[in-house]
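Thanks, everyone, for making the time this morning.

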Amino acid sequence: MGSIHEMDPLEVKDERPLGIRVIENSKRRSLSYHTYQAIVLIVTFLSYTTYHLTRKTTSIVKSALDPQTPSPTSMNLNSYPWQSNYLNLSSHGNNTLLGASNDGWAPFNGSDGTKLLGYLDVAFLAVYAAGMFFSGHIGDRMNLRVFLTIGMLGTGLFTALFGFGYWFNIHNFYYYLVVQMLAGVLQSTGWPSVVAVVGNWFGKGSRGLIMGVWNAHTSVGNIAGSLIASSLLKYGWGWSLVIPGLTIILSGLIVFFFLPVSPLSCGMHMGEDDADSPRKGALAEPFIPFTDSIDESDEEEHGAVGFIEAWRIPGVANYALCLFFAKLVAYTFLYWLPFYISSTEIGGEYLSSETAGNLSTFFDLGGVIGGILAGFFSDKLDARAITAASFTYFTIPALYLYRNYGFLNLYLNIGLMFITGMFVNGPYALITTAVSADLGTHESLRGNSRALATVTAIIDGTGSIGAAVGPLLTGYISSISWDAVFTMLMTAALIAGLLLTKLVIEEVRIKIDGTRIRRPNLV
């Protein structure tokens, strides 16, 4: 009865990335487990930051393509001196749109320009959502490093092709539609892959906080995308897309050469009894993997989890439907917040499109804090559903206050926008990271680890359908009134919280039962 340890080492494929091999060979020793964890966090953070960087640029370019916002009046720079670098004043003292003529860019500068931009958003998000389900299924069946690299290179290519329309003077709507749809398909490779890789390296006990901090890549990418795209508009709106496209291509190459997919692929194994104290296998020359006969037999017996089987995991459907409404709110802000700011009189003034883009980053800064707080509280309370539901309910008054009082002055707008971002992105970040990783390694899978990408794709794919619906509805409803848009968002937040009611009750019951068990018997 031979064990896996008796196998010829040469029969097992060395799956360490080339960059890692070079580093270990130059040091003549293997990297520590914690060093691998640090590399995974840094590389995946960079990867998804650039995904969101390219995704955010479209919302910034919108007001250059379709400058149908109220004519801004001259700003009083003495009132807001920190903004002086962000404003662009013409020789006549009036703010002008950057990267486009006053007439915008055909075909988006017509009377239906806002609707056409809305079609681009919904087309991108619709194929993104559909692609997400397939991406998770494929990701669990191939090398995630290669899969992620392909997605990043393709995303960079089609983001740049959208920008090339500026230099090639392309005014055909269907060109931009097809390019956006192809970019959406390739963007769908990102999230299931990075969550699966991080989930492979970190145990459940610390996932909430670690992934809450790590999930800041979403907001960092949005902020970077806003700042880069806004600053490049003055040179032509095409640059606002080409530079982010080249950035994600460069990041894709870093992923290919440096991202270790799992401990097992690098000769290590994370112990089941203590997920935060991994057992390390010796990395001798040329490469001797450490594995376990039980793990190997489990993989052979189960294989990758199927799509329907993943839906049946307890909690997956609840969180997936909750995320539908949570992402509806989050992505409405992602795609329409700069446009909303530039079209709303704040403190008696209208802001330029570039200023609005920069101002919208405070929403993402709040999102960073919200994601960290949600992860921290969910770890401390050991209650993911209670934490997520609480944040969604607090989103409702935050949205109300931002809409009804955010226009009074700039500083109040910033403060309320920050708070809104914190509550909107908190549950979104928690569900798409720690919750997805938890469910992808749920006890009902009986040790089968090949479900992370599929479960992540199901949850985020369902959420992405909501992300497509929100911006689409906003394109229509905003033409009626922005009050109606915010009513829609508050309703969506309420439904998101209600969908977790069953899981919240279950967590409360477990907490009560646990308290009774710990209480000493005084009888």
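Helix α8 and helix α14 run roughly antiparallel to each other, because their packing angle is over 145°, and in this predicted model that angle is about 165°, with the two axes 8 Å apart. If you want to find them on the screen, α8 covers residues 216–232 and α14 covers residues 361–381. Their crossing is left-handed. On the α8 side, the residues in contact are Ala216, Ser219, Asn222, Ile223, Ser226 and Leu227, and they meet Thr361, Asp364, Leu365, Gly367 and Val368 of α14. Sorted by class, this contact of α8 with α14 has five nonpolar residues, five polar ones and one charged.

Let me turn now to the other pair, helix α3, residues 113–139, and helix α5, residues 173–187, whose axes come within 7 Å and cross at roughly 30°. That makes α3 roughly parallel to α5, and the crossing of these two helices is right-handed.

What does α3 bring to its meeting with α5? From α3 come Leu116, Tyr119, Leu120, Ala123, Phe124, Val127 and Tyr128, while the α5 residues they meet are Phe173, Tyr176, Leu177, Gln180, Met181, Ala183, Gly184, Val185 and Gln187. By class, the contact of α3 with α5 consists of 13 nonpolar and three polar residues, with no charged residue among them.

Note on methods. Residues are numbered from 1 along each chain as its sequence is written. This is a predicted model: local features need pLDDT of at least 70, side-chain atom pairs count only at pLDDT 80 or more; totals for chains, interfaces and linings use all residues. Side-chain values use heavy atoms; hydrogens and water are left out. Axes are lines fitted to C-alpha atoms, for helices over the stretch in contact, and angles run from 0 to 180 degrees between N-to-C directions. Helices (H or I, at least four residues) and strands (E, at least two) are DSSP runs, numbered from the N terminus. Angles under 35 degrees count as roughly parallel, over 145 as roughly antiparallel, 65 to 115 as roughly perpendicular and the rest as oblique. A crossing is left-handed if the near helix is turned anticlockwise from the far one by less than a right angle, and right-handed if clockwise. Contact means heavy atoms within 4.5 Å. Ala, Val, Leu, Ile, Met, Phe, Trp, Tyr, Cys and Pro count as nonpolar, Asp, Glu, Lys and Arg as charged, and the others, Gly among them, as polar.
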